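Reader: I have a few questions about this model. Start with how the elements are named, please.

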Amino acid sequence: MLFGGHETTATTIHFFCFMMALYPEYQELCRKEIDEAFDNPLQYSNGTLTYDALPNLKYVERCLLETLRLYPSGFAFMRNLKKNLIFDYEGKNVEVPSGTHIIIGAFAIQRSEKYYPNPEVFDPDRFLPEECAKRNPYTYLPFSAGPRGCIGYKFGMNEMKTIVAYMLRNFELTTTDKLNDVTLLPNITLTPERGYNFRFNKRSL
Ligand code: HEM
């Protein structure tokens with residue numbers, strides 16, 4: 001629980017900050033939504049963002065989901081086949097026998113041109129409901145899927161929304177790093193080779 005819930009959310013917030021610093025126009029759209037929440041007494045009271053604010057942070061959510069598409073901390077996971085797996089590979093049926101250990105590469109699937117046009121481009125609108133409806137749900141696997149999928153999905157999303165809401169409410173983020181300055185490492189979770197450089201400029205509220 002501690003490992004599954006800590007490293008994943010921390011890394012995702014780090015990548016999210018990098019995306020927001022790289023794309024100030026998306027950062028501003030998130031901030032607009034966050035400011036609305038902080039300025040609403042039903043969503044911010046006694047100095048605290050309330051639980052009611054979280055479902056309204058829809059643009060922030062789309063940016064987090066798009067961050068997880070490009071940077072899934074659980075970039076691959078393994079399964080042991082309980083029955084033969086038959087799938088189509090370039091027009092041919094390929095059969096993998098029961099008992100085989102397979103690796104499902106979420107990183108590769110989520111950056112495939114086949115499912116995500118211009119896959120390297122950060123575009124939160126890929127997660128508009130009408131866009132999601134066009135895709136096979138198994139093309140998006142940052143939380144895995146099925147009975148052994150992430151049990152902390154909703155909690156993790158709420159946790160990340162809360163943290164980034166406070167960050168973007170109070171600070172404007174910039175970076176001197178470019179998109180490909182930092183190599184991604186396939187450690188236990190997907191990790192940048194070094195931390196990205198950020199400047200946090202305090203907002204005057
Ligand atoms: C950005 C946030 C998170 C991501 C990307 C993430 C990703 C994942 C993935 C990919 C798996 C499945 C691994 C597999 O299928 O082999 C998983 C499982 C799991 N996650 Fe998360 N997770 C996140 C947050 C959390 C949080 C906040 C908690 C708990 C508080 C949590 C607890 C767990 C546990 C206990 C499992 C194992 C479930 C099982 O084996 O039945 N995760 N997570």
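Author: Helices (H or I, at least four residues) and strands (E, at least two) are DSSP runs, numbered from the N terminus. The model is predicted: local features need pLDDT of at least 70, side-chain atom pairs count only at pLDDT 80 or more, and totals for chains, interfaces and linings use all residues. Residues are numbered from 1 along each chain as its sequence is written, and side-chain values use heavy atoms, with hydrogens and water left out.

Reader: Fine. Where is E90?

Author: E90 sits in the loop between β4 (85–89) and β5 (92–96).

Reader: And how are β4 and β5 paired?

Author: They run antiparallel and are joined by five bridges; strands count as paired if DSSP finds at least two bridges between them. D88, for instance, has N93 of β5 as its bridge partner.

Reader: What is the phi of E90 in that hairpin?

Author: Positive, near 50°, in a hairpin with two residues between the strands. E90 is not a glycine.

Reader: Is E90 buried or exposed?

Author: Exposed, because its relative accessibility is 68%. The classes are buried under 20% relative accessible area, exposed over 50%, and partly exposed in between, using a 1.4 Å probe and protein chains only.

Reader: Which other non-glycine residue has a positive phi?

Author: S144 is one, with phi near 60°. S144 lies in the loop between α5 and α6 and counts as buried, at 17% relative accessibility.

Reader: On to the ligand. What holds its iron atom?

Author: A single donor from the protein, the SG atom of C150, at 2.4 Å. Donors are N, O and S atoms within 2.8 Å of the metal (3.2 Å for Na, K and Ca), and since water is not among the atoms, sites may look incomplete. C150 belongs to the loop between α5 (129–133) and α6 (153–170) and is partly exposed at 40% relative accessibility.

Reader: How many residues surround the ligand?

Author: 21, of which the closest are R79, P142, S144, R148 and C150. A residue is near a molecule if one of its heavy atoms lies within 4 Å of it.

Reader: Last one: what does Y116 touch?

Author: R69, I109, Q110, R126, R135, T139 and Y140, not counting residues up to four places away in sequence; contact means heavy atoms within 4.5 Å. The side chain of Y116 reaches the backbone oxygen of T139 at 3.1 Å. Y116 is in the loop between α4 (106–110) and α5, and is buried with a relative accessible area of 1%.

Definitions and conventions:
Polar contact = N/O pair within 3.5 Å; in protein donor to acceptor, adjacent residues only side chain to side chain.
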